[in-house]
Amino acid sequence: MTWSTRQVAELAGTTLKTVRHYHRLGLLEEPERSPSGYKRYDVRHLVRLMGVRRLTDLGVPLSDIPSVAAADERSTEILRALDDELAANIERQQRMRRQLAAVLEDGASLDLPADFGAAAASLPRAQQDLLVAYSSVFTPTAMSVIRDQYARPRDGIAEEFEQLPADAPEDERRRLAGHLAAEVRAQRADHSFITDLDAASRRNGALTRSVVTQALVEFYNGAQLGVLRHLHALLEQNEADQADQASVADLAVEGDERGELYRSGDAHPQRVTPGATG
C-alpha cells in the first residue's frame, strides 16, 4: 500500500508544504508516480521523513542533516556544537527565570540591571536610571561592586543625599560631602579600580566618561551635583596630603640612610651624587 503526499505528511506529523520543501532540498527522495501522475509514498519514505523530522526537532540545521543522517566524520562535530548551543540557551533561560523571580517575588524593577534585586528597586527613579546608564559602560566586576553597595542597609546619609532638594543650602551640601568622603575612601581602599574609569570600563575611556558625565548631570539635581563637587575636592585634598606625607617619610628614610653611610665611613661629601640633595 502507498500513500499520497498529504497522507505521508500526516503520518509523519508534518505538513504538505514541509514535505515538498524537503524534496527541493534533496532531503527526501521523490517517489514514483501513479499512472494518473500522483506521487505514491511507501514505508521507506515515511521512515526517512520521520528521521528528518526528528533531527530538525533536535535543532540540527537542514544543511547538516545529510551528514548527521549518514553518520559521517562531521556528524559528531555537528552534534557536539549543537549540544554546546543548547547548554548556552539553557543557562540564558535559567538566568532569565532568576531575573523574573526577582521581579515577581522580591519586587525588583524590570528596568534595573540584572541581579540588582529588590534593594535597588526602592531607589528613586533617577538613581535607577543612573544604574542603567552605568551598566552600558562598566564591567561586570564594577557593576557587582555597585550592586553590593546597594545590597547593604542604607544609612541616613545616603538617603539624605538621594532626597536632597535642589535648593539645599551650601552648608548642607558640604556637610553631606564630608560624611560621604569617609565612605568613599573606604570603598577605594577595598576596590582600587573604582578610581580608574579605564580599569572599570568595558568601553574606551572617552566614551565611558561621556556616559558617566551626562548621566550625573541628567539624573542628579544641582544640589546633589554640588555635593559631588565638594566630595571630589575633599578626596583630591586627601590624596595630596597623603602624597606629602609619603614624600616627608621618604626624605626621612633617605636622611637616615645617608647618616648611616657617613657614620660608617663609606661616604664622603665629595662622593655624593650631584643633584642627590636637590
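Predicted model: local features only at pLDDT ≥ 70, side-chain atom pairs only at ≥ 80, totals over all residues.
1. Now try the rule on helix 3, residues 43–57. At 1.5 Å a residue, its 15 residues should span 21 Å, and the end C-alpha atoms are 21 Å apart, so the two values agree.

2. Let's stay with helix 3 and look at what it hides. Which residues of helix 3 are buried? They are H45, L46, L49, V52 and L55. The cover over these buried residues includes helix 1 (5–12), helix 2 (16–25) and helix 4.

3. Next, look at how helix 3 begins and what follows it. D42 caps the N-terminal end of the helix, with a side-chain oxygen 2.9 Å from the backbone nitrogen of R44. D42 also forms a salt bridge with R44, and there the closest N and O atoms are 3.0 Å apart. R44 counts as exposed because its relative accessibility is 52%, and the cut-off for exposed is over 50%. Just after helix 3 comes G59, which takes a positive phi of about 100°.

4. R53 pairs with D57, the closest N and O atoms being 3.9 Å apart. Both residues lie in helix 3, four residues apart, which is about one turn of the helix. Is D57 buried or exposed? With a relative accessibility of 59%, D57 counts as exposed.

5. Here is a salt bridge between two loops. The side chains of R74 and D64 meet at 3.6 Å, N to O. This pair links distant parts of the chain: R74 sits in the loop between helix 4 (65–70) and helix 5 (75–106), while D64 sits in the loop between helix 3 and helix 4, ten residues apart. R74 is partly exposed, with a relative accessible area of 36%. D64, by contrast, counts as buried because its relative accessibility is 15%, and buried means under 20%.

6. Some salt bridges share partners, and in this way E160, E172 and R175 are joined into one network. How many salt bridges does a search of the whole structure find? The search finds ten.

7. After helix 1 comes G13, whose phi is positive, near 75°.

8. One last residue deserves a look for its backbone angle. Most residues other than glycine have a negative phi. A71 is a residue other than glycine, yet its phi is positive, near 55°. Where is A71 found? A71 is in the loop between helix 4 and helix 5. A71 counts as exposed because its relative accessibility is 60%.

Terms used
Residues numbered from 1 in each chain as written. Heavy atoms only, no water. Salt bridge = Lys/Arg side-chain N within 4 Å of Asp/Glu carboxyl O. Buried < 20%, exposed > 50% of the residue type's maximum accessible area, 1.4 Å probe, protein only. Expected span 1.5 Å × (residues − 1). Contact = heavy atoms within 4.5 Å. Polar contact = N/O pair within 3.5 Å; in protein donor to acceptor, adjacent residues only side chain to side chain.
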